[in-house]
Amino acid sequence: MRRPLDRLAPLLRDIRNWSAARWWTVAGVTIGYLAVIEFAGRLITSAEWWSIGAIAMVAPLMGLWAATLVNSRVEMAVCDLKAICFGVCGMGISVTRVSTFDDITSIVLSAATVAGVAWGVWERLHKEHIMAANTDDNPGEVCTTCAPLFPKRAG
């Protein structure tokens, strides 16, 4: 049986070979995400330590996910948004409602948020890895259970 890290190695190799445009996207989205969170409500400076840790992990993951959309052969599908939306909503609830939740609930919410966003990034990177092995010139959808978010018109 393959270990989880063995399944991660090809994805990390793919990331290492990304173009500069993708890396600039990672940097821009990461910084933009942190700036929006901070300037929209001073959420970072008023959050508990676990929420700050979760924000620090989610921001670059959001950048990685956004970078997978730059010059990608994989069509974006509705299922690509599920984990990311879960992560963004979870982060908003975790950070802004810290005072109304007890510490354990807030920590679990923060951890679930990081896990949700990491899962979304993993899925998107995995789709790209599968598509990279496909030698067909036509970009296509890898997801078989979900429709493309922006379907291409025939003709």
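Which backbone oxygen lies 2.8 Å from a polar atom of the side chain of Thr 113?

## Thr 113 in helix 6

The backbone oxygen is that of Leu 109. The structure is a predicted model, and Thr 113 is found in its helix 6.

Thr 113 has 0% relative accessibility, so it counts as buried. Leaving out residues up to four places away in sequence, Thr 113 touches Val 58, Phe 86, Gly 87, Gly 90 and Met 91.

## The largest nonpolar core

In soluble globular proteins, nonpolar side chains tend to be buried together. In this model the largest nonpolar core has 23 residues, and those touching the most other members are Trp 18, Tyr 33, Val 58, Met 91, Val 117 and Val 121. Two or more residues of this core come from each of helix 1 (4–16), helix 2 (20–41), helix 4 (49–67), helix 5 (78–96) and helix 6. Helix 4 contributes the most, with ten residues.

Among the core members with the most contacts is Trp 18. Not counting residues up to four places away in sequence, Trp 18 touches Trp 23, Val 26, Leu 64, Ala 67, Thr 68, Leu 125 and Glu 128.

Trp 49, Ile 104, Ile 107 and Val 108 make a nonpolar surface patch of about 450 Å². Helix 6 (residues 103–133) supplies the largest share of the patch, three residues.

Val 108 lies in helix 6. Is Val 108 buried or exposed? Val 108 counts as exposed because its relative accessibility is 52%, and exposed means over 50%. Helix 6 therefore holds both a residue that counts as buried, Thr 113, and one that counts as exposed, Val 108.

Note on methods
Residues are numbered from 1 along each chain as its sequence is written. This is a predicted model: local features need pLDDT of at least 70, side-chain atom pairs count only at pLDDT 80 or more; totals for chains, interfaces and linings use all residues. Side-chain values use heavy atoms; hydrogens and water are left out. Patches are made of residues with over 30% relative accessible area and no salt bridge: like charges are joined within 9 Å, nonpolar side chains (Val, Leu, Ile, Met, Phe, Trp, Tyr) within 5 Å. Accessible areas come from the Shrake-Rupley method with a 1.4 Å probe; for residues, only the protein chains shown count as cover. A salt bridge is a side-chain nitrogen of Lys or Arg within 4 Å of a carboxyl oxygen of Asp or Glu. Helices (H or I, at least four residues) and strands (E, at least two) are DSSP runs, numbered from the N terminus. Buried means under 20% relative accessible area, exposed over 50%, partly exposed in between (1.4 Å probe, protein chains only). A nonpolar core is a set of buried Ala, Val, Leu, Ile, Met, Phe, Trp, Tyr and Cys residues joined through side-chain atoms within 4.5 Å. Contact means heavy atoms within 4.5 Å. A polar contact is a pair of N or O atoms within 3.5 Å; within protein, one must be able to donate a hydrogen and the other to accept it, and residues adjacent in sequence count only if both atoms are side-chain atoms.
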